[in-house]
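Here's a walk through one model, section by section. Have the viewer open and follow along.

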Amino acid sequence: MRMRKDRAIMYGLIALLSLQVGCTGKKAAEEKGELTYQNPLPVKFGDPYVLLASDGRYYMYGTGAGAVDGFCAYSSDDLVNWKPEGQVYRGNTPDSWAVANFWAPEVYERNGKFYMLFSADWRHNPTHEEENFRIGVAVADHPTGPFKELSDKPLFDPGYPIIDGNLVEDAEGRTYLYYSRCCYKHPVESEVAEEARKKGLFDSVEESWIYGVEVSPDLTAVIGEPVLLLRPPVKLDDPQSEWESRSVTQGEVGRRWTEGSFTLRVDSLYYMMYSANFFGGANYAVGYAVSRDPLGPFVKAANNPVLEKNVEKGGIVTGTGHNSVTWSKDGKQMYCVYHGRTQATGDERVVFIDKMRIDENGRLTVDGPTTDPQPIR
């Protein structure tokens, strides 16, 4: 992973972007003067992921945006103007293991091919589980597909529903998969759950946890057993407990999430960004944890959350989460790509891009959420 110090250059001219809708939306207006953008972008994705491919173009994938049983993509030369590329993967076919709830695609370029990780309901469901999610892999020759599943079954079956697959390579070239165990049928005792019972909010609190496991180079199998890496705080006085428990403590829902991981390898450290709280609510927010080993232990950062709603500060953004990270083409600027909501978009998830950095002390920060015009560099 590449990381350089921030060298943001401010410009004053604004490029207005036209609205894009679904997989076949119209191209955004060309920029006027220097490249400037304004959040939210005209892309209606949840869980956005941006790949800077070897052809020099950016490709964005995500949940929704009009896709039928699969995923759409957009492309861009500059992170400002986005072109719809249509639907690039479709499941729920006779030979597909994946039948519904297609979520959180991520695409990786490896050895001249493009590999898509995604979450979906597994066709094999003998016990009729309401949440039967697993993670699969599809491959294509081009970043705009068509992506075809590598196998007629998920990458692996840990025995519980999982979503939000993310990959990172270590210095020796070994590949690791991170994923989130779903809250479904996973009640966990904690001081937060006990407090929720005492206040009559919820009888129990289910949790999702992030695990890591090594995967084979061809992304067809896992190596070893999954390792628990991150979970919501157990103690009320834990410094992370307040922001990670808001969905429960504010009576929103009896679940606590640790999901949507995106991991950066920076020098000898692994930075795992993750989302907490109800993905459909205002309190969805992003924090990060750091480790010297891809399988932990990870230590949560003192400056969490690094991205959250801003309505209490006079802003209009809520539900910020499930981010990815991309870079400027010269590798000098990092960008946090995430979804959120505004008063204008209502429940619709839309894409935001804001600058981020890791300073000389190893502290990660995100300059967002913004809704004012921003220079892309």
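At 58% relative accessibility, Glu-312 counts as exposed. Its salt-bridge partner is Lys-309, with the closest N and O atoms 3.2 Å apart. Lys-309 sits at 16% relative accessibility, so that residue counts as buried. For the cut-offs: buried means under 20% relative accessible area, exposed means over 50%, and partly exposed is in between, using a 1.4 Å probe and protein chains only. A salt bridge here is a side-chain nitrogen of Lys or Arg within 4 Å of a carboxyl oxygen of Asp or Glu.

Before going on, some ground rules: this is a predicted model, where local features need pLDDT of at least 70 and side-chain atom pairs count only at pLDDT 80 or more, while totals for chains, interfaces and linings use all residues. Residues are numbered from 1 along each chain as its sequence is written, and side-chain values use heavy atoms, with hydrogens and water left out.

Glu-131 lies in the loop between β7 and β8 and Arg-255 in strand β15, so the pair ties together parts that are 124 residues apart in sequence. Both ends, Glu-131 and Arg-255, are buried. Helices (H or I, at least four residues) and strands (E, at least two) are DSSP runs, numbered from the N terminus.

Another salt bridge links Arg-357 with Asp-367, and the closest N and O atoms there are 2.8 Å apart. Arg-357 belongs to strand β22 (residues 350–358) and Asp-367 to the loop between β23 (364–366) and β24 (374–375), so this pair ties together parts that are 10 residues apart in sequence. Asp-367 is partly exposed, at a relative accessible area of 33%. Elsewhere, salt bridges with shared partners join Glu-131, Glu-206 and Arg-255 into one network.

Which residues of α1 are buried? In this helix (residues 191–198), they are Val-192, Ala-193 and Ala-196. They cover an arc of only 100 degrees around the axis, which puts them on the same side of α1; the arc is that of the directions from the helix axis to the C-beta atoms. An α-helix has 3.6 residues a turn, so residues three or four places apart point the same way. The cover over the buried residues of α1 includes α2 (241–244), α3 (246–249) and β15 (255–256).

Ser-190 is found in the loop between β11 (175–181) and α1, and is buried with a relative accessible area of 8%. At the start of α1, a side-chain oxygen of Ser-190 comes within 3.3 Å of the backbone nitrogen of Val-192. Leaving aside residues up to four places away in sequence, Ser-190 touches Glu-207, Pro-233, Val-234 and Arg-256, where contact means heavy atoms within 4.5 Å. Just after α1, Gly-200 takes a positive phi of about 75 degrees.

## Strands and hairpins

Two strands pair if DSSP finds at least two bridges between them. An open sheet of 4 strands runs in the order β6-β7-β8-β9, with antiparallel pairing. Its edge strands, each pairing on one side only, are β6 (98–110) and β9 (148–149). Within the sheet, β7 (residues 113–122) and β8 (residues 133–140) pair in the antiparallel sense over 8 bridges, and Leu-117 stands opposite Val-137 in β8.

Strand β4 (residues 70–76) is mostly covered, with 7 of its 7 residues buried. β4 pairs with β3 (residues 58–64) in the antiparallel sense over 4 bridges, and Tyr-58 has Ser-76 in β4 as its bridge partner. Their hairpin has 5 residues between the strands, and Ala-65 takes a positive phi near 60 degrees there. β4 also pairs with β5 in the antiparallel sense, over 5 bridges. In that hairpin, with 6 residues between the strands, Leu-79 takes a positive phi near 70 degrees.

## Aromatic pairs

The structure holds 20 aromatic pairs. Rings of Phe, Tyr and Trp (its six-membered ring) pair if their centres lie within 6.5 Å; planes under 30 degrees apart count as stacked, over 60 as edge-to-face and the rest as tilted. Tyr-89 and Phe-102 make a tilted pair, 6.1 Å centre to centre with 55 degrees between the planes. Tyr-89 lies in strand β5 (residues 83–90) and Phe-102 in strand β6, so the pair ties together parts that are 13 residues apart in sequence. Both Tyr-89 and Phe-102 are buried. One aromatic cluster is formed by Phe-71, Tyr-89, Trp-97, Phe-102 and Phe-118.

How values were computed: A polar contact is a pair of N or O atoms within 3.5 Å; within protein, one must be able to donate a hydrogen and the other to accept it, and residues adjacent in sequence count only if both atoms are side-chain atoms.
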